[in-house]
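This note sets out some points on the structure shown below. Please keep the sequence and the model in view while reading.

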Amino acid sequence: IEAAAILKKGGLVAFPTETVYGLGADALNEEAARKIYAAKGRPSDNPLIAHIAKKEDIEPLVREIPEAGKKLMDAFWPVPPTAYELTRRFWPGPLTLIFPKSGRVPEGTTGGLDTVAVRMPSDPVARRLIELAGTPVAAPSANTSGRPSPTTAEHVRQDMDGRIEMIVDGGPVGIGVESTIVDVTGEIPMVLRPGAITMEMLKKCVGAVEIDPAILGP
């Protein structure tokens, strides 16, 4: 509750997700987004990911949801069923999708782009914090730019102590690499950042998938 109150007031809170610890701020508050860039030493034209607690929360953030986006939001990991069904979903899970943004999302969150990156984490601590804050939470990894992504609260403390208001300690995270980012605004979905959800998994869900040439290098 205390952490959610800090987010509502425009402050910064580090919290666990299933991928890495995130550095959270109100995604609809441009001034709060600027604080993330300052704390991380991150270029302000590098878009932030808006984290939501449930699927309905995406509607005010986007102009439309392309068909590929709908399929990926409803997809499951291609593994045998387990008792932990939530961990088998792409959403909630380690997948970020890029949509055409609505007018509610400030350009400070999107790095000046007309698209918005959205993720619904499966970590229960993250989801509860977002729910209590009552707003989408912009949350890049909770480290200064160029440093390794943090997988424990202690990693965050070592890097961000004095730069942010609070760290929510949820123990070590499970995956340890950032979410896969897929742009679904074009005719063919494009992977902008590889992660836990692989090209093969994506292709099984939506067919053709491209990869950003910038990832492949020269």
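How many nonpolar, polar and charged residues are there in the lining of the second largest pocket? The points below take up this matter and then turn to the rest of the model, which is a predicted one.

1. The lining of the second largest pocket is made up of seven nonpolar, two polar and four charged residues. The pocket itself has a volume of about 150 Å³. It is lined by 13 residues, and those closest to its centre are Ile52, Asp57, Gly134, Thr135 and Pro136.

2. The largest pocket has a volume of about 600 Å³. Its lining consists of 35 residues, with Arg42, Pro47, Ile49, Ile181 and Arg193 lying nearest the centre. Two or more lining residues come from each of strands S2 (21–26), S3 (49–51), S4 (95–100), S5 (115–119) and S9 (190–193), and also from helix H4 (107–110). Strand S5 gives the most, with four residues. Sorted by class, the lining of the largest pocket holds 14 nonpolar, 15 polar and six charged residues.

3. The strands form an open sheet of ten, with mixed pairing, in the order S7-S1-S2-S6-S3-S5-S4-S8-S9-S10. Strand S7 (166–167) and strand S10 (210–211) stand at the edges and have a single partner strand each, so one side of each is left without a neighbour in the sheet.

4. On one pairing, S4 and S8 run parallel and are joined by four bridges; here Leu95 has Thr180 in S8 as its bridge partner. On the other, S4 and S5 run antiparallel and are joined by five bridges, and the bridge partner of Pro100 is Thr115 in S5.

5. Strand S8 (residues 180–183) pairs with S9 in the antiparallel sense over three bridges, and a hairpin of six residues joins S8 to S9. Within this pairing, Ile181 has Arg193 in S9 as its bridge partner. Strands S9 and S10, in turn, pair in the parallel sense over two bridges, with Met190 standing opposite Glu210 in S10.

6. Elsewhere in the sheet, S2 and strand S6 (residues 137–138) pair in the antiparallel sense over two bridges. In this pairing, Ala25 has Ala138 in S6 as its bridge partner.

7. Which residues have the most contacts inside the largest nonpolar core? They are Leu72, Phe90, Trp91, Leu95, Leu97 and Leu202, in a core of 48 residues. The elements that give two or more residues to this core are strands S2, S4 and S5, together with helices H2 (30–40), H3 (67–73), H6 (153–160) and H7 (199–206). Helix H2 provides the largest share, five residues.

8. Residues up to four places away in sequence aside, Leu72 touches Phe90, Leu95, Leu97, Val182, Val184, Leu202, Cys205 and Val206. There is also a second, separate core, which has 14 residues, including Ile6, Phe15, Ala53 and Ala126.

9. Pro92 lies in the loop between H3 and S4. The peptide bond leading from Trp91 to Pro92 is cis, with omega near -5°.

10. Is Pro140 buried or exposed? Its relative accessibility is 9%, and residues count as buried when the value is under 20%, so Pro140 is classed as buried. Apart from its neighbours within four places in sequence, Pro140 is in contact with Tyr21, Gly22, Leu23, Ile36, Lys40, Arg42 and Leu48. Pro140 and Ile98 are 42 residues apart in sequence, and their C-alpha atoms are 15 Å apart in space.

Conventions: Residues are numbered from 1 along each chain as its sequence is written. This is a predicted model: local features need pLDDT of at least 70, side-chain atom pairs count only at pLDDT 80 or more; totals for chains, interfaces and linings use all residues. Side-chain values use heavy atoms; hydrogens and water are left out. On a 1 Å grid over the protein atoms alone, a cavity is a set of points where a 1.4 Å probe fits but cannot get out, and a pocket is an open set with protein on both sides within 12 Å along at least five of seven lines; lining residues have an atom within 4 Å of a point. Grid points are joined across faces, edges and corners, and a volume is the space filled by probe spheres set on the points. Ala, Val, Leu, Ile, Met, Phe, Trp, Tyr, Cys and Pro count as nonpolar, Asp, Glu, Lys and Arg as charged, and the others, Gly among them, as polar. A nonpolar core is a set of buried Ala, Val, Leu, Ile, Met, Phe, Trp, Tyr and Cys residues joined through side-chain atoms within 4.5 Å. Buried means under 20% relative accessible area, exposed over 50%, partly exposed in between (1.4 Å probe, protein chains only). Contact means heavy atoms within 4.5 Å. Two strands pair if DSSP finds at least two bridges between them.
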